[in-house]
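Please view the sequence and the structure together before reading on.

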Amino acid sequence: MIKPFPLFSILALLAVLSLAGCSLTGPAAPEPTLVPVIPATPTVPPETPSAEIDPCLVGEWKVVDMSAYMITAMEAADIQLEYQFSSGQALYVFSVDGVFLLQADQRSENYVMKFDSGGVVLDVPISVSIDGFGSARYSASGGRLEFTNMSSGGLVFEATVFDDTQNMDFWAADDPSATTVFLYECIGADTLHLTPPINEYAVFPVILERNR
């Protein structure tokens, strides 16, 4: 029998890691000022980016692979994951005026966790999913991407182990005064690597492709 408490403690950690991968983490603060959630994928205006916004980021990007990031992030916690498959879509939109939008359409990441239960290693199927809209302000230059005014109230995050699904309520973490710093690298015109601030950035990046 697998005890539920340690499993859902691990799921909570998975939730934090996935939330970081989606760019909307931050410590709690009273009465945050939320950036309005826009219920549609915006069209980025064809303007010239400001000096504080690296033009290589501007546009709409789709998440194509966050498995290496998740696996290396969990390795730092001595947890072994094996990637299975992903489904749905997650879009990151960086506007020319410094607004970041996340649009997740039933994005799901599916893994098998190697769980040691009394000396017996079991394969535990785990699925983490995100759906809805979130937003933030951003600035980017020199490989540093800073998020502020983070708003994730329009997002739903769930984690499932076997047939038991839990809603992971981390969305009270929005704090307009907090700054979360990612590392970024634009590779050519159509590939973007984002490294969340997990384990002092000693993780593989989330890989995105320009959505054309």
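What follows describes a predicted model, beginning with the pairing of its strands and then turning to one leucine.

Strand β5 (residues 144-161) pairs with strand β4 (residues 120-141) in the antiparallel sense, and β5 also takes part in antiparallel pairings with strand β7 (residues 180-187) and with strand β6 (residues 164-167). The table sets out these pairings.

| Strand pair | Sense | Bridges |
|---|---|---|
| β4 and β5 | antiparallel | 14 bridges |
| β5 and β7 | antiparallel | four bridges |
| β5 and β6 | antiparallel | four bridges |

Two of the connections are hairpins. Between β4 and β5 there are two residues, and Gly142 in that turn has a positive phi of about 60°; the hairpin of β5 and β6 likewise has two residues between its strands, with Phe162 in the turn adopting a positive phi of about 50°.

Is Leu192 buried or exposed? Leu192, which lies in strand β8 (residues 191-195), has a relative accessible area of 0%, and because buried means under 20%, this residue counts as buried. Leaving aside residues up to four places away in sequence, Leu192 touches Leu57, Trp61, Phe94, Tyr184, Glu185, Cys186, Val206, Ile207 and Leu208. The C-alpha atom of Leu192 is separated by 9.2 Å from that of Pro205, which is 13 residues apart from Leu192 along the chain.

Definitions and conventions. Residues are numbered from 1 along each chain as its sequence is written. This is a predicted model: local features need pLDDT of at least 70, side-chain atom pairs count only at pLDDT 80 or more; totals for chains, interfaces and linings use all residues. Side-chain values use heavy atoms; hydrogens and water are left out. Buried means under 20% relative accessible area, exposed over 50%, partly exposed in between (1.4 Å probe, protein chains only). Contact means heavy atoms within 4.5 Å. Two strands pair if DSSP finds at least two bridges between them.
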